Amino acid sequence: MTEVASGADAAPMTTFKKLYPAEYLQRHLEQRVREDGRAFTDGRPASVAVGTLSHARGSALVRWGQSTMVVAGVHAQLCKPAYERPNEGFLVPTVDLSPLCSPQYKAGPPSEDAQVMAHQLQMFLNASNILPRSSLCIEEGVAVWSIFVDVVCLSADGSVLDAAALAAVAALHQCRLPVPRSVPSVDQAVFDAHDTQPLALHGMPILATFGVHDSTYLLADMTAFEESLAMGRLHLGLVDGADSEEAFWIKVLGHCAVREPRELAFPELVQFCLEHAQRRAAQLRALLRDACVA
């Protein structure tokens, strides 16, 4: 063990990181600092721009830190409602993770990672009730809107799901749909070419993810390198309530108990993460509002 460590110490840091990734990360965390200089619970800076795609009903570009970037576009299609829910439309997110964003992804059909992320994004949006399905009904039993939110990751360096959720929410807030004038059927709908209206949205939900490394360290807003070594993850969906940020969605993956920044078992860990996520959500929601009114 000593010989390996001494040889690794002599190697350049980039080589050390490739050969001994766990030890490389461990050495940083033991010094209570992350590779990019952040504290354990600090998030990276983010930016939001809306209206970035000319052919989408609504769109948004989110930059997350130095190397994560996603774009979301909304398009709408008139369709028949489900038989058991004649007055409800559909909200369908998709996620594209191609080799363009990271060499870990392959070209071809949606990867398992992309499908899992799309499912998690769907659960997040559904649980937030950001878009009541009944508001997408045009004519009960005849025609409803199907809203597709397509998220494309342009560059992936961790927290892609958090960035995708932010981009999806921003794109939905920028979306405008044509006003129907006559809808005898899906194929014979008539719309006003100049009159549009926004979606009937409720709030601005924010997603915050925390990771657990070596059953010891709690890390907010992980990079791709940190994610590759994480033993567990905690996803928190927050919506702005009457007095404070409220958690509407909590998803735990893997082992979630830590000793740093202090000893935290599962119930206390959730509360600790929630307190930090609330501050982060307030910052991101301010970015959303600024982008949507610009």
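A residue is called buried when its relative accessible area is under 20%, exposed when that area is over 50%, and partly exposed in between, using a 1.4 Å probe and protein chains only. The structure is a predicted model, in which local features need pLDDT of at least 70, side-chain atom pairs count only at pLDDT 80 or more, and totals for chains, interfaces and linings use all residues. Residues are numbered from 1 along each chain as its sequence is written, and side-chain values use heavy atoms, with hydrogens and water left out.

**Exercise 1.** Decide whether A82 is buried, partly exposed or exposed, and say where A82 is found.

Solution. Begin with the relative accessible area of A82, which is 24%, so A82 is partly exposed. Next, place A82 in the chain: A82 sits in the loop between β3 (68-79) and β4 (90-96), where strands are DSSP runs of E with at least two residues, numbered from the N terminus. Finally, compare positions: A82 and A171 are 89 residues apart along the chain, and their C-alpha atoms are separated by 25 Å.

**Exercise 2.** Find how many disulfides the model contains, and explain why C79 is in none.

Solution. First recall that a disulfide is a covalent bond between the sulfur atoms of two cysteines; here the rule asks for a pair of cysteine sulfur atoms within 2.5 Å. By this rule the count is zero. For C79, the closest cysteine sulfur belongs to C137 and lies 11 Å away, which is too far for a bond. C153 is in no disulfide either, as the nearest cysteine sulfur, that of C101, is 3.9 Å away.

Key:
Helix = DSSP H or I, 4+ residues; strand = E, 2+ residues; numbered from the N terminus.
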